[in-house]
Amino acid sequence: MDLSNIKLNNITSDEVFQLIIEKIFENPIFSGGALLSIAGFFWYFVDWAWSIGQRLFRERYFTSLELTNENMTYRWVVNHINQNSKWETRNLSVESTLDENETGVTSLKHKFIPGLGNHYFYYKNRLVYFERTRDKRNVMVLDERGSSLSKRMETVTLSTYGGSIEFWRQFLDDASKECLDAMDKGLTIHVNRSDYWEESGAPRRKRAMETVILADGISESLHNDLKSFLTSASWYHDRGIPYRRGYLLYGPPGTGKSSFIAALASQFGYGIAMLSLTNKFLSDSELNYLLNNAPTKCFVILEDIDAAFKNREKVEDDEDKNTVDSSITLSGLLNAIDGIASSEERILFMTTNYKEHLDSAIIRPGRIDFQVYLGHCTPEMVKKMFKRFYENVSEENIEKFSEATSKFEKTFSPAELQKHLILYKDSPEAAIEHANDLI
């Protein structure tokens with residue numbers, strides 16, 4: 001800028017300043033930069049005002065619901081959004097599982113769910129914004145059926161205009177209804193994978209109590225005891241008694257121990273959590289965690305407990321307290337069952353083929369409260385099972401089959417009887433004719 005031609009005679013300082021400004025803006029580079037700066041500042045101000053206004057608007061008129069995958073309803077919500085959204089999303093995640101049908105044919109199934117990022121969907125004619133994010137941290141999470149899994153931390157944030165607590169409560173109820181209905185219709189089985197629980201396949205068909213044939217009075221007595229326990233929580237709490245119950249089912253192989261537990265679980269609307277003690281990599285601390293953090297509303301089952309521990313009173317070598325198949329200690333198991341940190345509201349079942357092999361400490365009162373012997377078939381059991389297999393079978397044929405089997409010198413288990421009747425499932429006469437094949 002050239003100021004050499006400006007005459008300063010009789011010119012005020014204000015006029016000098018005005019002349020300088022005019023000369024500056026006559027420079028196209030400077031004037032263009034100044035205009036860009038003003039426009040940038042103006043845009044920054046508009047963006048700042050918009051952000052503040054949007055935040056104030058959302059705080060005043062929007063409601064949000066945040067769920068992490070540590071919450072068992074997380075997967076239900078994601079599935080519900082995916083199945084009921086009116087807006088198709090092109091950002092998907094896939095979960096693949098192996099499925100085996102009744103004939104043993106295995107197929108691969110894929111389930112698509114909304115991927116990470118932002119999505120939109122409608123619920124009750126209301127637009128809901130849906131954001132799914134993933135953290136780098138690993139957390140122990142519960143799946144929709146209560147199984148513990150180790151996964152990356154995920155968060156879903158749902159927002160809508162004018163919602164309320166009741167709106168979100170209704171949304172969660174609708175999202176969980178389908179899964180809860182499926183759980184009511186099936187028997188869920190959980191197994192332990194090292195130090196966490198995992199659901200084993202799809203829910204099984206529930207088993208009716210009358211399909212398990214036991215000696216007279218056994219089914220009713222255990223059923224009544226369990227029913228009494230489930231309705232006595234206040235009684236236990238008022239008297240300072242730990243609210244948990246232990247059952248031992250013992251007897252020869254094939255007498256229906258596992259089937260009876262499955263029928264009881266089906267009857268009372270419980271699932272089953274199978275805990276294997278013969279896992280060589282299972283430590284005492286992991287056992288304690290699994291036993292006291294079992295999936296909700298599940299019977300915990302320790303099958304073939306005799307395979308994990310020998311009776312100390314019959315072990316000649318004092319150092320050989322465990323079998324070679326188990327890395328946990330007897331004291332670790334006892335502390336997990338009824339130690340000071342043991343959980344309440346727990347129903348524990350143990351099964352064994354050889355009660356005499358069990359250490360007396362395992363089955364003492366307080367750890368095992370109810371013992372049931374399931375033995376080989378009695379004549380009455382034979383009649384009940386025969387009648388159940390063949391509809392409209394005559395009393396004469398029932399008596400014939402019962403008489404034929406009662407002549408055996410060797411007893412047989414319900415599993416052996418069932419195998420025989422399945423072999424001749426289309427002809428009760430053939431089952432009677434070949435009754436000797438049982439032994």
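In helix α10, the residues Pro379, Val382, Lys383, Phe386 and Lys387 meet Glu395, Asn397, Ile398, Glu399, Phe401, Ser402 and Thr405 of helix α11, where contact means heavy atoms within 4.5 Å. Sorted by class, this contact has five nonpolar, three polar and four charged residues, with Ala, Val, Leu, Ile, Met, Phe, Trp, Tyr, Cys and Pro counted as nonpolar, Asp, Glu, Lys and Arg as charged, and the others, Gly among them, as polar. The model is predicted, so that local features need pLDDT of at least 70 and side-chain atom pairs count only at pLDDT 80 or more, while totals for chains, interfaces and linings use all residues. Residues are numbered from 1 along each chain as its sequence is written, and side-chain values use heavy atoms, with hydrogens and water left out.

The axes of α10 (residues 379–389) and α11 (residues 395–406) come within 9 Å and cross at roughly 135°. That angle makes α10 oblique to α11, since angles under 35 degrees count as roughly parallel, over 145 as roughly antiparallel, 65 to 115 as roughly perpendicular and the rest as oblique.

Elsewhere lies the largest nonpolar core, of 29 residues, in which Leu222, Phe260, Leu264, Ile272, Phe299, Ile347 and Phe349 touch the most other members; such a core is a set of buried Ala, Val, Leu, Ile, Met, Phe, Trp, Tyr and Cys residues joined through side-chain atoms within 4.5 Å, and buried means under 20% relative accessible area with a 1.4 Å probe, protein chains only. Among the elements that give two or more residues to this core are α5 (218–230), α7 (257–268) and β14 (346–352), and α7 gives the most, with seven residues.

Notes:
Buried < 20%, exposed > 50% of the residue type's maximum accessible area, 1.4 Å probe, protein only. Helix = DSSP H or I, 4+ residues; strand = E, 2+ residues; numbered from the N terminus. Axes fitted to C-alpha atoms, helices over the stretch in contact; angles between N-to-C directions.
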